[in-house]
Amino acid sequence: MLKRALAIITLLIIGYWIAQGLAGVPFGQDRMLVGQYYLDHVKAQTGAINVVTAIVVNYRGFDTLGEVTVLFIASTGVGALLWRRKKERTAKTKGSIVLTTGTRLLVPFIIVFGAYIFIHGHLTPGGGFPGGATIATAFLLLYLAFTQYEIPHKAFEQTEGVAGMSYVLVGLIGLVLGSYFLYDWIWQQWHWGINNVGRLFSGGFIPIIYTLIAIKVGTELSGIIDNMLKEEVRE
Amino acid sequence: MISAYYFGAISLVLIGLYAVLVKKNVLKILIGLSIMESGVNLLLVSIGYISGRSAPILSEGIGPNQAVDPIPQALVLTAIVIGVATTALALSAAIILYEKYGTLNVEEIRRLRG
Amino acid sequence: MNVQYASLLIALPLISAFFVPLIKRAGEKGIKAYLVIITAIQAGIAGWVFNTVYTTGKPIIVMAGAWKPPVGIDLYIGHFAALFVLIVAVISFFTAVFSIWSMKVQPIDKYAMLLLLLMLGATGMIATGDIFNLFVFMEITSITAYALTAYNKTGEAAEASLKYMILGGIGSSFFLIGLTLIYGSLGTLNMAQIAQLAGNMNPMVAQVGLALIIFGLAVEAELFPLNAWAPDAYQAAPHAITVMFSAFVVKAGLYAIARLLYLMQAVESWHNVLKLLIAMATLTVVVAEFAALRQRDVKRMISYSSISQVGMIAFALALGTQAGVDAGVFHMINHAIVKALLFLGVGYVGVKLGGTAIEDFQGLGRRMPLTAFTLTVGSLAAVGIPLFNIFWSKIRILIAGVQAGYTWGVALILGASVVEAVYYLRFIHTMWFVGEGERVREGLAISLILLFLAALVIVIGVYPNYAWNLAQKAGSDIFNVGQYIKNVPLMGVGA
């Protein structure tokens, strides 16, 4: 009882203090400095019309490299913590007829929808991360519906590694061709798609990187689900 | 005093922090952590809003002066992914804890560890 | 050679970590050898960067994507970053060599990936010039540390890791709220531009924002009251990983606090934040020393000692003067060497003799004389005895503290040092004068590493001037914000 009261009082004090700080940053005001530069120059410098995507992949691409690494660490960490010599699925209840039929119908459409999200990352909201998560949802649905289904574990791990390496390689090619790491050589040196702004074949290396990210995220999240759903085989 | 969006976001953070400090079941603590992170992401996105403007996608009719600030949205993309990674690892640690101690109650675990 | 190749410091560990799933076929020995090779290459690149920065005297600015800051992200590799990236790489190399004997828990391939990414995270935190990039690299470091703490998969390891994760999650949320406030009032995320515009900030916003950021970083930097995770995590982690935690992960957190603190010097409410940090630092020192006195397990005892020394570094950095910052950086260098030595030695004893309780160290002088000798050198250094390196940095911290007017803080630190002497001397006494035992063979590579580190401790203790000059250059890199702003090629970003 005392602990709860103490916790509530501390939290109210913290909340009041943060609110005082927020009072100096009024809601809805135009405070953009670097943001305005991005809005003014994004079409000419990156070829994308989705400004958020251009920032995430092109202007602040270094952060995205870090983010991809964080997901990789999560997947590796879950694999290391839940590692066992032999494992198998132990689900006992079979999925109902509605679930199995619905899954068989829906999985191809979900994968296509996920692919649509990441291919059009530079034109509509979305990008690699939601696209990859949608594809992982398709695999989750397969796990839910069929008690014996398993993803090909080794192949997925190797795909994940290859996709990550390709992302760093794209950055290193930029270092070699344009003498800066993560230089967008497709838009800025080869000028591919420069008349196509607003349509699919534009955006420099944004579609390529988003494809790699989506493959990576999809295989990683499926790997995490697979690790958590299996238990040890006792001889 | 402060806008409703800021108030809502800070309340989410405080509710999450309350759950982390007071609850005894490991899963409830992790849910509290998740709620805290959602509150912080909401606060970050609200900072970028500019009254009367629309989404930062420069298709027909939206010029560079009719879009809200795109930077906080890019930051939140990264922050959400980081939150997911932390939650996944925390759940794995909770699975190991349950296997070794048979309970998810923090005080029971402390007592069993000695 | 084009200085943008310094970005290989980040690209190399990344691509090698992603490559590991493809070489799983090579087996345990192949992966451990791969780890040693990659950390050696990273140490080589870090050595080249260190040489370039210290001979030309100008920092290397790596611009990712060819965008000038603040439009793009830049890596600012100045004197401090060049020195510490080298320390990170060399200690990772030693850890990789140590892992060949000490790491037996499967799966080894995932251990190799996590170790490379921990090295990457600390390198990125030290080298970056953008505040959100600092957050991303801090999360890389933290999440890798969570996974590595629980690596041994025992009950204690899982509990320690969970405690670390909860505190780390709270810390990173606070950091983001502070970052929201700073971005909201300034509109930029680049560190040099923040320093340039800091004078225009509303003092209340600046105070709350900076304090929240420091709370967030205090989890990584192990300051009171957010360091409750540290003793459990250090004890439960694999022996090789504890070396990395105490030698450079905590230093990266301390550096981030110092950098962000001094960037916002121009804010009016700066001194309030300094006072908060001094209070946290002094409490860290006092609480940790008294806890260390009661420990029966040597690894845990040295963990508490490490935490109290970190408190001393934070005290020096929070004084607000050039002398304080220089002393703090010098202590960071010395502390990294001494703690790497101590944890490597203790870990080696743990692997060979099966445990790290104080009873396992009885008669070590007869059983493993080389290890016992190097552990004695490390313990004497940690206490601060003259002729060993920590004596010089402790003296400088105390002098800077008195000059800045914090005599009560200095008195508390001196008292804590006396307590430290008590339990370290008790440890040395146990090793040489209690118990008997037969001679145990000591491996060649580990003995060479331990002797090298012990030699460094004694050399810096007897001739401190070279290291003190390095520390002064690195310290002025942090303190002298005007020079920092001039070095970064900021692009004017319009109205």
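**View 1. Order of elements and overall extent of chain A in the predicted model.** Taken along the principal axes, the box filled by the C-alpha atoms of chain A has dimensions of roughly 60 × 60 × 35 Å. The model shown here, as in every view below, is a predicted one.

**View 2. Burial and contacts within chain A.** Of the 235 residues in chain A, 47% are buried.

**View 3. The contact between chain A and chain C.** Chain A brings 48 residues to this contact, and chain C brings 52 residues. On the side of chain A that touches chain C, the elements giving two or more residues are α1 (2–22), α2 (34–46), α3 (51–59), α4 (61–81) and α7 (153–178) of chain A. Of these elements, α4(A) gives the most, with 14 residues. Sorted by class, the side of chain A that touches chain C comprises 23 nonpolar, 18 polar and seven charged residues.

**View 4. The contact between chain B and chain A.** Here 38 residues come from chain B and 41 residues from chain A. Two or more residues are given to the side of chain B that touches chain A by each of α1 (4–22), α2 (26–47) and α3 (71–101) of chain B. The largest share of this side, 14 residues, is that of α3(B). The side of chain B that touches chain A is made up of 30 nonpolar residues, seven polar residues and one charged residue.

View 5. In chain C, the residue C:N200 lies in the loop between α7 (191–197) and α8 (203–220). Because 11 other C-beta atoms lie within 10 Å of its own, C:N200 is classed as exposed, the cut-off for that class being 12 or fewer. C:V267 stands 67 residues from C:N200 along the chain, and the C-alpha atoms of these two residues are separated by 7.8 Å.

Technical notes: Residues numbered from 1 in each chain as written. Chains lettered and ligands numbered in written order. Predicted model: local features only at pLDDT ≥ 70, side-chain atom pairs only at ≥ 80, totals over all residues. Contact = placed C-beta atoms within 7 Å. Helix = DSSP H or I, 4+ residues; strand = E, 2+ residues; numbered from the N terminus. Nonpolar A, V, L, I, M, F, W, Y, C, P; charged D, E, K, R; others polar. Buried ≥ 20, exposed ≤ 12 C-beta atoms within 10 Å, placed from the backbone.
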